Amino acid sequence: MRRTVLERFQRCFFGTLPKGGLLTRLRGNVAGNTLAMMAIALIPLLFIAGSAVDTARLYMVKNRLQQACDAGALAGRRFMGSETGTTLDAAATTQANAFFSNNFKVGLFGTKAVTFTPSKTSENQVAGTATATVPMTLTGMMGFRDQALTVTCEARYDVADTDIMFVLDTTGSMACLTSDGTAGCGQQTYNYPRPTYTDAPGYGGTGWATQEKAGSKISGLRQAVLKFYDTLAAAVDPATQLRYGFVTYTSTVNAGYAITSMSPAYIVDRWTYNSREPAGDANNGGYGGNYNYSKNSSQCAATNYRTPASGFTSSGSATRTYGIWDTNKNACFVAVQPLKPNWTYKKVSFDTSQYKLGGAVLDLSKVTGETSKWLGCLEERDTIQGGNFDYSNLPKDLDPDFVPTTDNATRWRPMWPEVVYYRSQYASVTYSGDSTNPLGDTKSTNSLDTYTALMATQNVSNAWVSCGKPVQRLKVMSRAQVSDYVNAADFVPQGGTYHDTGMIWGTRLISPTGLFAIDTRPRPGHNDPKRYIVFMTDGDMKPNPCLYGMYGIENYDQRTTNMGTQWNCSDNTTQRDNHNARFLAACAAAKARNISIFVVGFGQTLTTQLTQCATPGQAFYAADNTALNTAFQTIAKRVAMLRVSK
């Protein structure tokens, strides 16, 4: 006969009971059985609940232990002062232990025997091992012993090899204070001796700049660049390579000798400038002379010669001697007529093959034997008018990777302000000077007066032409070298604001696939560096049709904008829009090459173009020098992101 479950249970616990009597009756009485079964079931339930509680405690303790270990390792790496030897220095050890202790309190969940041991790895990183003993609670009642937990961690500064190109506005308004606003501050200009550089043989002579106010924006910029360097240097791993480059921009960029260092053939051997050429002789006042009674009429008529036979003396003089037969005196009057050059102001072709090398070259737009040397600024290669660009097929001036060929359209042209003349009209014009200006060079002190050389003092001092500090190609630079660059005598405010010139050259110099790829390529055995452009400006785009800059004199040359033949030096909205479009095209070209762009608007509201140029979230406004410092340090910290490596 099959027994019920209850019978089996009774037999298991009470055995076989005799029939009859108390026990027999108890066996037959089922009252209270449920209570007995629950008491027995509590034993495994207690084990399950205890395991869950203690397992959760172990999990939470291990997580907190790992977090504390990571914090300690990071702090140790951050404060590691000595990179020699095999042991972690005392300061780093102290900080590592402090950060661990602050993040893991002894006694948490009853923990005991907590230890943390930081150490230095063979790669100059900080590793750590943390242990803690966790006593068991409910499961301890069942004989389970305390559990020992161990975690490991390692921290490193995760700064990959990094290239940083500073593109810095050094225009005249940088001499002002941010509180002066955008209208300028009326500072006077001054001249100074430019420093000389071995890699820029033609650079030197006299430079012009705007006198800085105390606490000027450019003084704040110098400090901010050095603070940026210090912030990043404090975060960089010794094994990490940082390279810096600099582009200072106005209406031009001094990148010529950087180009010739790659190949002089990248610059034309002949170019056409808005200049002038001789158009014969003009009389320079009345003639004089004397009578010669030894000549007959035939000999007198044959008297006709020029001194010198061609050209002019070093002082710019020449004469025409000719005979006039005087029948009354029966004698030959030998007349001497002073001469001066007659000039046609127009586009003139000049040989630049030696000028681009930095040597002293005869200025053929003068008659006095003057020579000039190339400072290094460039006219841009061929482009297209307007502001609509196919970003996948940019014109030559906007394509940072386009390698010049033998075609002059693809090559750069040296700016030559000594031979460039202002003529105040689109068409060519002939002029021979006057009694106060016998050589054709106007002596007017007015800027951009008719027939004025662009290199005239008044034009240079008023920034109708400028040529600033030579660019710095990417290289590893010490703090002293960075300081020398931004504190040099020629890191000064002068010129007008053309954002496109700065961004075009900044992108060229840092592009991984361009002419300067030799500077930007990764080290052997390393990944590609991270690439950044830090673009800073204190003003809006402000091109001028009469200024001589990277696109020539735009009223004459009309390379970016069709201005017609109506002469006007006032603000041209279409010209400004076209330059803004070029700026955005240059920004897009940088981003297409995985170059991250930070933009800082200094003392002015960020324009739409500046915000669009920046990589999303990387446009900053700095109201004053203090804010500029903060912005540069914030950028440096973003470049130097710290993370746990293991």
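## Close-up views of cavities, pockets and a buried glutamate

**View 1. Lining of the largest cavity.** In this predicted model, 30 residues line the largest cavity, and those nearest its centre are Arg194, Leu375, Ser466, Cys467 and Gly468. The space inside the largest cavity is about 310 Å³. Two strands, β6 (206-210) and β7 (242-249), each give at least two residues to the lining of this cavity. Sorted by class, that lining holds 16 nonpolar, nine polar and five charged residues. The count of cavities of 30 Å³ or more is four.

**View 2. The largest pocket.** The largest pocket holds about 890 Å³ of space. Its lining is made up of 34 residues. Nearest the centre of the largest pocket lie Gly172, Ser173, Gly495, Gly496 and Lys542. The lining of this pocket counts 21 polar residues, nine nonpolar and four charged.

**View 3. The second largest pocket.** About 440 Å³ is the volume of the second largest pocket. It is lined by 20 residues, and Tyr197, Asp199, Pro470, Val471 and Gln472 are the closest to its centre. Three elements each contribute two or more residues to this lining: α6 (256-262), β20 (472-475) and α9 (479-486). Helix α6 supplies the largest share, four residues. By class, the lining of the second largest pocket splits into 10 nonpolar, five polar and five charged residues.

**View 4. Glutamate 379 in strand β15.** Strand β15 covers residues 378-379, and glutamate 379 is part of it. Is glutamate 379 buried or exposed? Its relative accessible area is 2%, so glutamate 379 falls under the 20% cut-off and is buried.

**View 5. Partners of glutamate 379.** The side chain of glutamate 379 makes a polar contact of 3.4 Å with the side chain of tryptophan 271. Which residues does glutamate 379 contact, leaving aside its neighbours within four places in sequence? Trp271 and Tyr273 are among them.

Definitions and conventions
Residues numbered from 1 in each chain as written. Predicted model: local features only at pLDDT ≥ 70, side-chain atom pairs only at ≥ 80, totals over all residues. Heavy atoms only, no water. 1 Å grid on protein atoms, 1.4 Å probe; cavity = no way out; pocket = protein on both sides within 12 Å on 5 of 7 lines; lining within 4 Å. Points joined across faces, edges and corners; volume = space filled by probe spheres on them. Nonpolar A, V, L, I, M, F, W, Y, C, P; charged D, E, K, R; others polar. Buried < 20%, exposed > 50% of the residue type's maximum accessible area, 1.4 Å probe, protein only. Polar contact = N/O pair within 3.5 Å; in protein donor to acceptor, adjacent residues only side chain to side chain. Contact = heavy atoms within 4.5 Å.
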